[in-house]
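Dear colleague,

I am handing over the structure below, and my notes on what was found in it follow directly after it. Please read them with the model open beside you.

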Amino acid sequence: MTEDGPFLDLARRAVDAGLAYARERDLLMTMVVMDVSGTVCAAARMDGSRPITYQIAVAKANTARVFETSTEVLAGRVKPENKIAIGQIGTDIAFLGGGLPMVRDGVVIGAVAASGATEDQDIECALQALAATGLSS
C-alpha cells in the first residue's frame with residue numbers, strides 16, 4: 001500500500017497510460033511496472049510487439065530500480081566496457097533509455113519501463129506512464 005493507494009493500482013494506471021500513449025502514436029510497445037522488491041506487478045505487450053520487448057522492459061525497470069535513476073541517465077554515464085561487465089555480473093540489467101524509478105517522498109518504491117520503439121519513444125512512453133501515477137522519478 002502506498003499513500004497514493006495500492007501499488008497494484010498505480011502499476012495498472014502506469015501500464016494503461018503508457019499503452020494509450022503508444023496507441024496514439026501507432027507504436028507497438030511493452031510496458032512493465034516492478035515494485036521495490038523487483039516483482040513485476042503489471043505488464044502488457046501490445047499485439048504485434050516483438051516478444052523480446054518484454055525481457056528488455058523488465059531489464060530496464062530492474063536497472064532503474066536498483067540504480068535508483070533513469071536508464072537514460074545511466075546509459076550516458078556508464079562506460080561501454082563497464083556496461084558489459086555489469087551486465088555479466090547482474091541479471092536483468094539494461095543501459096537503454098526507457099526505464100524510470102518510481103519515487104515517493106525521496107524513496108524509490110518501484111520502477112516503470114517501456115520497450116518496443118526507438119529509445120526516445122520508449123523514454124516518452126515511460127514518462128507518460130510515470131506521470132499517470134503522480135509519482136516522480
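I52 is partly exposed, with a relative accessible area of 47%, where buried means under 20% relative accessible area, exposed over 50% and partly exposed in between, computed with a 1.4 Å probe on protein chains only. This residue belongs to helix α2; helices (H or I, at least four residues) and strands (E, at least two) are DSSP runs, numbered from the N terminus. The C-alpha atom of I52 is separated by 20 Å from that of A75, and the two residues are 23 apart along the chain.

Before going further, please note that this is a predicted model, in which local features need pLDDT of at least 70 and side-chain atom pairs count only at pLDDT 80 or more, while totals for chains, interfaces and linings use all residues. Residues are numbered from 1 along each chain as its sequence is written, and side-chain values use heavy atoms, with hydrogens and water left out.

The sheet comes next. It is open and has four strands in the order β2-β1-β4-β3, with antiparallel pairing, and two strands are said to pair if DSSP finds at least two bridges between them. Because β2 (40-45) and β3 (99-104) stand at the edges with a single partner strand each, one side of each is left without a neighbour in the sheet. From one strand to the next, the twist averages 15°; axes here are lines fitted to C-alpha atoms, for helices over the stretch in contact, and angles run from 0 to 180 degrees between N-to-C directions. Strand β4 (residues 107-115) pairs with β3 in the antiparallel sense over six bridges, and M102 stands opposite G110 in β4.

Helix α2 (residues 52-67) packs on this sheet, touching β1 (30-35), β2, β3 and β4, and its direction makes about 155° with that of β4; contact means heavy atoms within 4.5 Å. Helix α5 (residues 119-133) lies across β1, β3 and β4 and runs at about 140° to β4.

In strand β1 one finds T30, which counts as buried at 0% relative accessibility. Its side chain makes a polar contact with the side chain of T53 at 2.6 Å; such a contact is a pair of N or O atoms within 3.5 Å, of which, within protein, one must be able to donate a hydrogen and the other to accept it, and residues adjacent in sequence count only if both atoms are side-chain atoms. Leaving aside residues up to four places away in sequence, T30 touches several others, among them A44, Y54, A57 and A113.

As for α5, its buried residues are D122, I123, C125, A126, A129, L130 and T133. Seen down the axis of α5, they fall within an arc of 165°, so they line one face of the helix, the arc being that of the directions from the helix axis to the C-beta atoms. These buried residues pack against α1 (7-24), β1, α2, α3, β3 and β4, whereas D120 and A131, on the other side of α5, are exposed. The helix is followed by G134, whose phi is positive, near 80°.

Finally, two loop residues deserve a look. E68, in the loop between α2 and α3 (71-77), has a positive phi near 60° although it is not a glycine, and it is exposed, with a relative accessible area of 53%. D105, in the loop between β3 and β4, likewise has a positive phi, near 55°, and is exposed at a relative accessible area of 63%.
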